[in-house]
Amino acid sequence: DLNRFRVEGGQLKIDTTPTNLFDMTNNAPNLMLQSFPEGDWVVETKVSGPVCEKWQQGGILVYDSDATFLKLDFVGTNDPGQPCSRKIEMRHEIGDIFQPAFPEVTVTGDTWWLRLEKSGSTFTGSYSSDGETFEALDPIVNEELEGASVGVYAFGQEQTTSVTMAFDYFHVLSQEPPDETPPTVTATLDPPEPNGDPAPGYEGTYNTPVT
């Protein structure tokens with residue numbers, strides 16, 4: 001829908017539509033996708049939007065077809081007119097069949113960093129409120145997405161009004177999972193203590209080679 005997305009202020013902005021990808025509906029426009037090579041990868045985006053109705057959302061989409069896909073998103077969960085409630089979730093389908101995996105967490109705020117890691121047929125979503133510290137959701141296995149397209153999306157099934165989801169970037173972080181473990185370093189001396197007879201006044205000083 002050319003009237004419902006734009007690049008503005010350094011962001012890709014997608015206006016949510018009362019559409020969906022689940023079941024047999026399959027009528028959501030503006031899935032911003034690109035082809036990816038086979039193998040493992042990690043992607044990340046920063047998404048923001050005032051979601052406040054079922055099911056206004058935006059996030060990362062792994063897309064083989066309207067029938068087979070996986071998404072990691074920031075979504076509104078409240079009925080129209082009720083206090084805003086939101087969550088980060090992962091959902092997926094295979095052959096138009098909704099899969100029984102529901103990793104999710106309740107959140108507040110309008111801006112979230114989302115990271116999705118593919119390792120074989122296992123997909124692990126993570127989220128962050130500051131872009132630095134990420135928390136992982138439970139992984140999902142989908143064996144039908146090898147070679148699928150990947151990108152960002154937004155829609156708003158059951159919404160009564162539209163909101164704008166803004167994406168600052170969509171990055172490939174690596175083709176392998178990132179190493180986030182700080183290194184540890186130890187050191188020893190050989191010989192461990194000074195030896196030999198130092199000159200007067202230099203007691204405790206090495207007077208032989210030290211490794």
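Modeller: Happy to! Let's begin with Asp130, whose side chain reaches the backbone nitrogen of Thr133 at 3.0 Å. That is a polar contact (N or O atoms within 3.5 Å, one able to donate a hydrogen and the other to accept it; residues adjacent in sequence count only if both atoms are side-chain atoms). The side chain of Asp130 also has a polar atom 2.8 Å from the backbone nitrogen of Glu132. Please keep in mind that the model is predicted, with pLDDT of at least 70 needed for local features and 80 or more for side-chain atom pairs, while totals for chains, interfaces and linings use all residues. Residues are numbered from 1 along each chain as its sequence is written, and side-chain values use heavy atoms, without hydrogens or water.

As for its place, Asp130 lies in the loop between β11 (122-128) and β12 (135-136), strands here being DSSP E runs of at least two residues, numbered from the N terminus. Asp130 counts as partly exposed because its relative accessibility is 41%, between the buried limit of under 20% and the exposed limit of over 50% (1.4 Å probe, protein chains only). Val62 is 68 residues from Asp130 along the chain, and 24 Å separates their C-alpha atoms.

Elsewhere, the charged end of Arg115 sits over the ring of Phe134, 3.7 Å from the ring centre; the test is CZ of Arg, or NZ of Lys, within 6 Å of the centre and within 35 degrees of the ring normal.

Now to the cysteines. A search of the whole structure turns up one disulfide, formed by Cys52 and Cys84 with their sulfur atoms 1.7 Å apart, where the cut-off is 2.5 Å. This bond links distant parts of the chain, 32 residues apart. Cys52 is in the loop between β4 (41-48) and β5 (56-63), and Cys84 is in the loop between β6 (69-76) and β7 (86-94). The torsion about the S-S bond of Cys52 and Cys84 is about -100 degrees, so the disulfide is left-handed. Cys84 is partly exposed, since its relative accessible area is 45%.

To finish with the rings, the structure contains seven aromatic pairs, counted when ring centres of Phe, Tyr or Trp (its six-membered ring) lie within 6.5 Å, with planes under 30 degrees apart stacked, over 60 edge-to-face and the rest tilted. Phe22, Phe69, Phe98 and Phe102 are joined into a cluster by such ring pairs.

Note on methods:
Helix = DSSP H or I, 4+ residues; strand = E, 2+ residues; numbered from the N terminus.
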